[in-house]
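Subject: Structure for your attention

Dear colleague,

Please find the structure below, together with its sequence. I would be grateful if you could read the notes that follow with the model open beside them.

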Amino acid sequence: MPEGDSLHRAARRLQPLVGQRLAAESPHPRAQVTGVAPRIDGLVLESVEAVGKNLLLRFEGGVVVRSHLRMSGRWRLERRDAPRVGSPWLVLRGEELEGVLWNGPVLSLDARPVRRLGQDLLADEFDVAAAVTRLRGAGDRPLGEALQDQRLVAGIGNMWMAEALWEIRVSPWVRVGDADDESLADAVGAARRLMRAALESGRPGRNVYRRAGRPCLRCGTIVRSRGQGDANRTAYWCPGCQMPAQAGAGPPGS
Ligand SMILES: [Zn+2]
């Protein structure tokens, strides 16, 4: 699952096209039905911005295209008319380069879903206190699940959730209602720090994600994993050093 830092990298990759009048086409039949390409063909691209896990491409005349990559989508910047096998979802052809969207499962002229998102964790300006207040809206849900609710804070997927909570030694199974403000602020702050570092280096450092059954790098306890939340995304945590904020903060049935 591409997380917020992947989307920010994609936004950076496409910057050379900003300011250009682009020819747009959708070779993929499923993308043709979105009606996006004819709507933006011949327009000047004014900006490309990542918001949470969405990419927003703003064109002249107030036309906004929203691209969400889900599991499989990918934006590339290629030389114009580079040889290509397969049918991309969208090709944005500039003077010398073209932006190519492969397997873009969500391509839409409706940017409204983005307005319902929480703050983008990787935005230059980020209000931690406001994010904590919004997280409180998760009530009794486990912290690991709440951190991935894009309406509360946008950009975190299960990898950065696991890494951020390992970093601050808090279990993903702690109920938000039982966590103090400091823990919530620490969780958001750690995710932001780790993701910004990965955005710059392009190399996510992993300490706990996908390490189930192996010893914790910090304390040697065996790392555990278990599906969490309605989406059943896998949480990874160390029961030895990621402390519950109170007794009984383990996964259900443990
Ligand atoms: Zn540990």
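This is a predicted model: local features need pLDDT of at least 70, side-chain atom pairs count only at pLDDT 80 or more; totals for chains, interfaces and linings use all residues.

Zinc site

The zinc ion is held by four protein donors, namely the SG atoms of Cys216, Cys219, Cys238 and Cys241, which lie 2.2 to 2.4 Å from the metal. The angles among the 4 donor atoms run from 98 to 116°, and the site is tetrahedral. For comparison, the ideal angle for four tetrahedral donors is 109.5 degrees. Along the sequence, the donor residues follow the spacing C-x2-C-x18-C-x2-C. Distant parts of the chain are linked here by Cys219 and Cys238, which are 19 residues apart. Cys219 belongs to the loop between helix 8 (181-201) and strand 11 (224-228), whereas Cys238 belongs to the segment after strand 12 (233-237). Cys219 is partly exposed, with a relative accessible area of 37%, while Cys238 is buried, with a value of 0%.

Largest pocket

The largest pocket holds about 560 Å³ of space. Its lining comprises 21 residues, and those nearest the centre are Gln148, Asp149, Gln150, Ala231 and Arg233. By class, the lining residues divide into 9 charged, 7 polar and 5 nonpolar.

Is Gln148 buried or exposed? With a relative accessible area of 9%, Gln148 counts as buried, because the cut-off for that class is under 20%. Leaving aside residues up to four places away in sequence, Gln148 touches Ile156, Gly157, Asn158, Met161 and Arg233.

Helix 7

Why is helix 7 (residues 158-167) described as largely enclosed by the rest of the structure? The reason is that 9 of its 10 residues are buried. After helix 7 comes Arg169, with a positive phi near 65°.

Backbone and a buried glutamate

Most residues other than glycine have a negative phi. Arg210, although not a glycine, has a positive phi of about 60°. It is placed in the loop between helix 8 and strand 11, and it is exposed, with a relative accessible area of 56%. Asn232, also not a glycine, has a positive phi of about 55° and is found in the loop between strand 11 and strand 12.

Finally, Glu78 lies in strand 5 (residues 74-79) and is buried, with a relative accessible area of 18%. Apart from residues up to four places away in sequence, Glu78 touches Arg84, Leu97, Glu98, Val100 and Trp102.

With kind regards

Terms used: Residues are numbered from 1 along each chain as its sequence is written. Side-chain values use heavy atoms; hydrogens and water are left out. Donors are N, O and S atoms within 2.8 Å of the metal (3.2 Å for Na, K and Ca); water is not among the atoms, so sites may look incomplete. Four donors count as tetrahedral if all angles lie between 85 and 135 degrees; four count as square planar and six as octahedral if opposite donors are over 155 degrees apart and all others between 65 and 115; anything else is irregular. Helices (H or I, at least four residues) and strands (E, at least two) are DSSP runs, numbered from the N terminus. Buried means under 20% relative accessible area, exposed over 50%, partly exposed in between (1.4 Å probe, protein chains only). Contact means heavy atoms within 4.5 Å. On a 1 Å grid over the protein atoms alone, a cavity is a set of points where a 1.4 Å probe fits but cannot get out, and a pocket is an open set with protein on both sides within 12 Å along at least five of seven lines; lining residues have an atom within 4 Å of a point. Grid points are joined across faces, edges and corners, and a volume is the space filled by probe spheres set on the points. Ala, Val, Leu, Ile, Met, Phe, Trp, Tyr, Cys and Pro count as nonpolar, Asp, Glu, Lys and Arg as charged, and the others, Gly among them, as polar.
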